[in-house]
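The questions below go through some contacts and surface features of one protein chain. Each answer ends on the value or name asked for.

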Amino acid sequence: PKLNVTAIDIEPIAIQVSNQNAHRILGPEKKSYKACLSSAADFVHSDSVLFDCVVSNPPYIPKDDMQTLDRTVVGFEAWEALCGGDDDDGMQVINEILKKLPIWLKPGGSCWMEVDPSQPKKLKKQQDPLSAIQLQSVHQDMSRRERFVKFLKVR
């Protein structure tokens, strides 16, 4: 099966490293890989083909929790890569992605996302039963914390 990958990030160095890795793994043509410098809110998929799957590890840490993070985490990641926005729940970027999923995904397409353990319950509460994007499942990490969610485009 043919696989086409589009990656987005707001950090130029992440795009550079991503392209270097793609070149090393896929070869110089790397036709099936494209990295774009963009936020989720600003990303416009220029191709006429919709995505089968979106995989996201967005910034999701609530702003107040940023002050309590271990130095080994904060010392190696940019604030923007960790903090989920100016709102109290850390879901600003997650909600930006959820708004875009109806135009990014084909019907039946899915989105897998890593989130803070406090967020799956909030995502369930804010779900609109009439939305094209539905929370399908929540999955635990190795420490048995709810850390991964799967959304499905139902229409």
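Q: Which aspartate meets the side chain of lysine 63 in a salt bridge?
A: The model is a predicted one. In it, the side chain of lysine 63 forms a salt bridge at 3.9 Å, N to O. The pair links distant parts of the chain, with lysine 63 in the loop between E3 and helix H2 (71-74) and its partner in the loop between helix H3 (79-82) and helix H4 (92-104), 23 residues apart. The partner is aspartate 86.

Q: What distance separates the C-alpha atoms of lysine 63 and leucine 101?
A: Lysine 63 lies in the loop between E3 and H2. Leucine 101 is 38 residues apart from lysine 63 along the chain. Their C-alpha atoms are separated by 24 Å.

Q: How many salt bridges does a search of the whole structure find?
A: Side chains of opposite charge can pair when their charged atoms come close. The pair of lysine 63 and aspartate 86 meets the criterion of 4 Å with 3.9 Å. Over the whole structure, the search finds 5 salt bridges.

Q: How many residues apart in sequence are the parts tied together by aspartate 52 and lysine 106?
A: The side chains of aspartate 52 and lysine 106 meet in a salt bridge of 3.0 Å, N to O. Aspartate 52 belongs to strand E3 (residues 51-56) and lysine 106 to strand E4 (residues 105-114), so the tied parts are apart in sequence by 54 residues.

Q: Is lysine 106 exposed or partly exposed?
A: Aspartate 52 counts as exposed because its relative accessibility is 52%. Lysine 106 has a relative accessible area of 31%, which lies between the cut-offs of 20% and 50%. Lysine 106 is therefore partly exposed.

Q: How far apart in space are proline 107 and proline 12, C-alpha to C-alpha?
A: Proline 107 is found in strand E4, and it counts as exposed because its relative accessibility is 59%. Proline 12 is 95 residues apart from proline 107 in sequence. In space, C-alpha to C-alpha, the two prolines are apart by 32 Å.

Q: Which residues are linked with Asp141 in a network of salt bridges?
A: Aspartate 141 forms a salt bridge with arginine 147, the closest N and O atoms being 3.7 Å apart. Both aspartate 141 and arginine 147 are buried. The network links Asp141 with Glu114, Arg145 and Arg147.

Q: What is the phi of arginine 144?
A: Most residues other than glycine have a negative phi. Arginine 144 is found in the loop between strand E5 (133-140) and strand E6 (146-153), and it is exposed because its relative accessible area is 66%. Although arginine 144 is not a glycine, it has a positive phi of about 65°.

Q: What arrangement do phenylalanine 43 and tryptophan 104 have as an aromatic pair?
A: The count of aromatic pairs comes to 1. Phenylalanine 43 and tryptophan 104 form this pair, at 5.6 Å centre to centre with 75° between the planes. Planes over 60 degrees apart set the class, so the arrangement is edge-to-face.

Q: How many residues apart in sequence are the parts that phenylalanine 43 and tryptophan 104 tie together?
A: Phenylalanine 43 and tryptophan 104 are both buried. Phenylalanine 43 lies in the loop between strand E2 (33-37) and E3, and tryptophan 104 in helix H4, so the parts tied together are apart in sequence by 61 residues.

Q: Which residues form a positive surface patch?
A: Lysine 124 has its place in helix H5 (residues 119-126) and counts as partly exposed because its relative accessibility is 47%. Lysine 125 is also in helix H5 and counts as exposed because its relative accessibility is 75%. The positive patch is formed by Lys121, Lys122, Lys124 and Lys125.

Q: What distance separates the C-alpha atoms of lysine 125 and lysine 99?
A: Lysine 125 and lysine 99 are 26 residues apart along the chain. Their C-alpha atoms are separated by 16 Å.

Key
Residues numbered from 1 in each chain as written. Predicted model: local features only at pLDDT ≥ 70, side-chain atom pairs only at ≥ 80, totals over all residues. Heavy atoms only, no water. Patch = residues over 30% accessible without salt bridge, like charges linked within 9 Å, V, L, I, M, F, W, Y side chains within 5 Å. Areas by Shrake-Rupley, 256 points an atom, 1.4 Å probe, with all protein chains shown as cover. Lys, Arg positive; Asp, Glu negative; His and termini not counted. Charge placed at Lys NZ, Arg CZ, Asp CG, Glu CD. Helix = DSSP H or I, 4+ residues; strand = E, 2+ residues; numbered from the N terminus. Buried < 20%, exposed > 50% of the residue type's maximum accessible area, 1.4 Å probe, protein only. Phe/Tyr/Trp six-rings, centres within 6.5 Å; stacked < 30°, edge-to-face > 60°.
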